[in-house]
Amino acid sequence: MANMKYDDFKIAVMDSIKSFLPDKYMDAKIEIQEVKKNNDITMDGLIIRMPDKNIAFTIYIEELYDSMILENKALSTVLKEIADIQLNNEAPDITNLNVMRDKISMRVVNYDENQGQLTNLPYIKLGNLAAIFTENVMSFENGIGTITIDNDLMKSLDVSVEQLHQIAIDNFDKSAVLFDNIPNVLSSKTKTKSLNEFEYSPDSEPMYVLTCKSGLYGASMIAYPGIMSEISEKLGGDFYMLPSSVHELIIISKEEIPDYEILEDMVKEVNATEVRDNEILASSVYEYDTDSKALYLASDHSLVISSDFLQENNSEKK
Amino acid sequence: MKHMKKIQRIDIEITAPKRTNKRYAAMVKKLDELKKKEKSNDGKYEI
């Protein structure tokens, strides 16, 4: 279906999805809503809602379309994937902290570009970035299902922003952090290494990817204690951090590139050509300073993430 | 007035490995180009 146009795809999904769902979905409301996502970008969300439910999965049509085109899938394969997500997952009680506690995590987004959304969300400002919180309610073979915690949900969970932060740190699984050089990540022959497994080799390509196992919102790894300090130990000093997208960061030792401006040009160009607007994290280059154990903007050395925020003892269970 | 219950959305997001790899490859290519350009400008070597 490589030649199908996006608008035709949207209509085909709306018209045909019910035929991939069981009879009980005959009364389901199927609609495509414009949903404000990261960077306040509006995306088309397919919502399949049973009349008696007040919770519904939202599946983003642009992403499905991209996956169909890039992976040359048949329309029926995509429709079956949508039906499988709908049928194989149960929405949990998202307002019950006892049920949700171990599913809460942090997500790092751009502060300025999310002003619209941030008015309704609990968040922690980190320089030109912001840490928001999500409930990761499910994961499946090639994706995840999350709820962004807004002020109403935080109130229902009966927690504060500080408590959400602590819970996210308590839940953090360091073994899920991936860190490897780009050729290894791109190679289908080698498995991308975890940060724990990674060992520095002076002969390898000096650009490294920092992300998480799911590959979704992996840039958030920088907000968790102990990650950047471990990278600096492994690389042997200070490093630059390039916001490749909200899904991953590119790390390069400061010894490799003496001038951050060359990297800033690179980030701007890649953002403009290869990153979708809703996946852009920032256009600034960051630098991690080993002595102060903090993250700064490379351009003016203003503080982005303090050493207090990144303190390892934050990760101790309360 | 009837109280309308808010519909809670569970966002389904799928991984896109091919798109991710294009970003990585673009970063490596761009860095290579910029390094060459910088060295060339410094007169250290010609492209």
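Arg107(A) has a relative accessible area of 7% and is buried (buried means under 20% relative accessible area, exposed over 50%, and partly exposed in between, with a 1.4 Å probe and protein chains only). The structure is a predicted model, in which local features need pLDDT of at least 70 and side-chain atom pairs count only at pLDDT 80 or more, whereas totals for chains, interfaces and linings use all residues. Residues are numbered from 1 along each chain as its sequence is written, chains are lettered from A and ligands numbered from 1 in the order in which they are written, and side-chain values use heavy atoms, with hydrogens and water left out.

Arg107(A) forms a salt bridge with Glu13(B), with the closest N and O atoms 3.7 Å apart (a salt bridge is a side-chain nitrogen of Lys or Arg within 4 Å of a carboxyl oxygen of Asp or Glu). The pair joins two chains, because Arg107(A) lies in strand β4 (residues 104–110) of chain A and Glu13(B) in strand β1 (residues 8–14) of chain B; helices (H or I, at least four residues) and strands (E, at least two) are DSSP runs numbered from the N terminus. Glu13(B) is also buried, at 2% relative accessibility. A single network of salt bridges with shared partners connects Glu63(A), Asp66(A), Glu248(A), Arg276(A), Glu279(A), Arg19(B) and Arg23(B).

Over all chains, the count comes to 23 salt bridges. One of these connects Asp44(A) and Lys10(A), with a closest N to O separation of 3.3 Å. This pair links distant parts of the chain, 34 residues apart: Asp44(A) is in strand β2 (residues 42–49) and Lys10(A) in helix α1 (residues 6–16), both of chain A. Asp44(A) is buried, with a relative accessible area of 9%, whereas Lys10(A) is partly exposed at 24%. Another salt bridge joins the side chains of Lys103(A) and Asp102(A), at 4.0 Å from N to O. Here Lys103(A) is partly exposed at 27% relative accessibility, and Asp102(A) is exposed at 56%.

Ser245(A) belongs to strand β10 (residues 239–245) of chain A and is buried, with 0% relative accessibility. Its side chain reaches the backbone nitrogen of His247(A) at 2.9 Å, and a polar contact of 3.0 Å connects it with the side chain of Glu248(A). A polar contact is a pair of N or O atoms within 3.5 Å; within protein, one must be able to donate a hydrogen and the other to accept it, and residues adjacent in sequence count only if both atoms are side-chain atoms. Beyond neighbours within four places in sequence, Ser245(A) is in contact (heavy atoms within 4.5 Å) with Ala219(A), Val275(A), Glu279(A), Leu281(A) and Arg23(B).

The largest nonpolar core has 88 residues, of which Phe9(A), Ile82(A) and Leu210(A) touch the most other members. Such a core is a set of buried Ala, Val, Leu, Ile, Met, Phe, Trp, Tyr and Cys residues joined through side-chain atoms within 4.5 Å. Apart from it lies another core, of 23 residues, including Ile182(A), Met207(A), Tyr240(A) and Leu34(B). With residues up to four places away in sequence not counted, Phe9(A) touches Met4(A), Ile61(A), Leu64(A), Tyr65(A), Met68(A), Leu75(A) and Val78(A).

The model scores ipTM 0.84 and pTM 0.90. For chain B the mean pLDDT (the predictor's confidence in each residue, from 0 to 100) is 74, and 68% of the residues of this chain reach 70 or more. Residues 43–47 of chain B have pLDDT below 50, and this stretch has seven contacts in the model beyond near neighbours in sequence.
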